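Subject: Structure handover

Dear colleague,

I am passing on the structure below, and after it I set out what came up when it was examined. Please read the text with the coordinates open beside you.

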Amino acid sequence: MHHNPRPHDLLWGLRPEQLPQEAPAWARAVLGGHVPVVVRRAPAEPGWVAVGIRGAAREQRHAAWMRLSDISRLVSPQAVARAGRWRHHPRPYWPALCALSQLAPRLDELSLAWGVTGSLGFELASGISAAHPDSDLDLSLRVPHPLSRDEARALCALLDQAPGRIDLQLETPYGAVALREWAGEASRVLLKTQNGPLLVRDPWQVQQVAA
């Protein structure tokens with residue numbers, strides 16, 4: 001059913017007994033509470049997906065792998081955006097939530113798939129408290145075709161009008177690049193790929209990604 005999870009998707013179905021023996025006790029406890037895991041960028045064997053387990057503390061992060069056949073539910077950052085649950089959040093005055101309410105209609109106008117990631121996305125998707133008043137607003141934007149640097153700067157200007165700290169990742173067909181980095185002046189930018197980070201001149205050029 002879920003054969004192609006993407007980075008930042010939330011997955012349910014990984015059980016504590018499926019973790020290796022050396023996994024930390026807190027990670028087992030988290031999975032025992034039916035908490036979702038987050039898809040991360042890393043190589044995985046056929047039929048598997050690389051995931052991350054997040055605990056209550058910021059330093060509690062554990063890398064793991066999950067069988068695709070064990071996925072019982074998948075929620076993407078784009079589904080979180082479409083659901084609009086932040087409109088009913090009990091803390092609407094938090095900067096990240098204020099920014100999201102302000103930016104959502106403008107992002108919809110781009111006609112590109114955008115989503116909410118990070119601690120706020122995790123909370124909105126799962127109902128499990130993860131964000132706090134100082135949380136950044138983490139966003140992703142799927143950009144299958146090249147976005148010019150001038151367009152990136154215009155998008156940065158839009159984000160700068162909203163409150164709080166906002167981190168938007170451009171998801172190209174080959175990986176993710178930070179919007180603010182692509183909007184900068186550097187000739188090469190850091191592209192996060194499934195096989196690790198690469199410095200590239202154009203995040204949409206497969207020849208450069210493969211080099």
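This is a predicted model: local features need pLDDT of at least 70, side-chain atom pairs count only at pLDDT 80 or more; totals for chains, interfaces and linings use all residues.

The buried residues of α4 are Ser-119, Leu-120, Gly-121, Phe-122, Glu-123, Leu-124 and Ala-125. The helix is followed by Gly-127, which has a positive phi, near 80°.

Thr-117 and α4 both return in the account of the pockets.

The largest pocket has a volume of about 650 Å³, and among the 30 residues that line it, those closest to its centre are His-8, Val-38, Val-39, Thr-117 and Gly-118. At least two lining residues are supplied by each of β2 (37–39), β3, α2 (77–83), β6, α4, β7 (137–142) and β8 (166–172), and the largest share, 5 residues, comes from α4. Sorted by class, the lining of the largest pocket holds 13 nonpolar, 9 polar and 8 charged residues.

For the second largest pocket the volume is about 550 Å³, and of its 29 lining residues the closest to the centre are Pro-5, Arg-6, Pro-7, Arg-41 and Gln-194. Two or more residues of this lining come from each of β3, α2, β7 and β8, with β3 giving the most, 3 residues. By class, the lining of the second largest pocket divides into 13 nonpolar, 10 polar and 6 charged residues.

Not counting residues up to four places away in sequence, Leu-139 touches Leu-100, Leu-103, Leu-107, Trp-114, Gly-115, Val-116, Thr-117, Ile-166, Asp-167, Leu-168 and Gln-169.

In one of them, β3 (residues 48–54) and β4 run antiparallel and are joined by 7 bridges, with 6 residues lying between the two strands. Arg-54 stands opposite Arg-61 in β4. Strand β4, residues 61–67, has a covered face made up of His-62, Ala-64 and Met-66, and an uncovered face made up of Arg-61, Ala-63, Trp-65 and Arg-67. In a regular strand, side chains alternate between the two faces of the sheet.

The other hairpin is formed by β10 and β11, with 2 residues between them. Strand β10 (residues 189–193) and strand β11 (residues 196–200) pair in the antiparallel sense over 5 bridges, and the bridge partner of Lys-192 in β11 is Pro-197.

Finally, two backbone angles may deserve a look, given that most residues other than glycine have a negative phi. His-34 is not a glycine, yet it has a positive phi of about 60°; His-34 is placed in the loop between α1 (25–32) and β2. Is His-34 buried or exposed? His-34 is exposed, because its relative accessible area of 63% is over the 50% cut-off. Ser-111, also a residue other than glycine, has a positive phi near 60°, and Ser-111 is found in the loop between α3 and β6. Ser-111 is likewise exposed, with a relative accessible area of 67%.

With best wishes

Conventions. Residues are numbered from 1 along each chain as its sequence is written. Side-chain values use heavy atoms; hydrogens and water are left out. Buried means under 20% relative accessible area, exposed over 50%, partly exposed in between (1.4 Å probe, protein chains only). Helices (H or I, at least four residues) and strands (E, at least two) are DSSP runs, numbered from the N terminus. Two strands pair if DSSP finds at least two bridges between them. On a 1 Å grid over the protein atoms alone, a cavity is a set of points where a 1.4 Å probe fits but cannot get out, and a pocket is an open set with protein on both sides within 12 Å along at least five of seven lines; lining residues have an atom within 4 Å of a point. Grid points are joined across faces, edges and corners, and a volume is the space filled by probe spheres set on the points. Ala, Val, Leu, Ile, Met, Phe, Trp, Tyr, Cys and Pro count as nonpolar, Asp, Glu, Lys and Arg as charged, and the others, Gly among them, as polar. Contact means heavy atoms within 4.5 Å.
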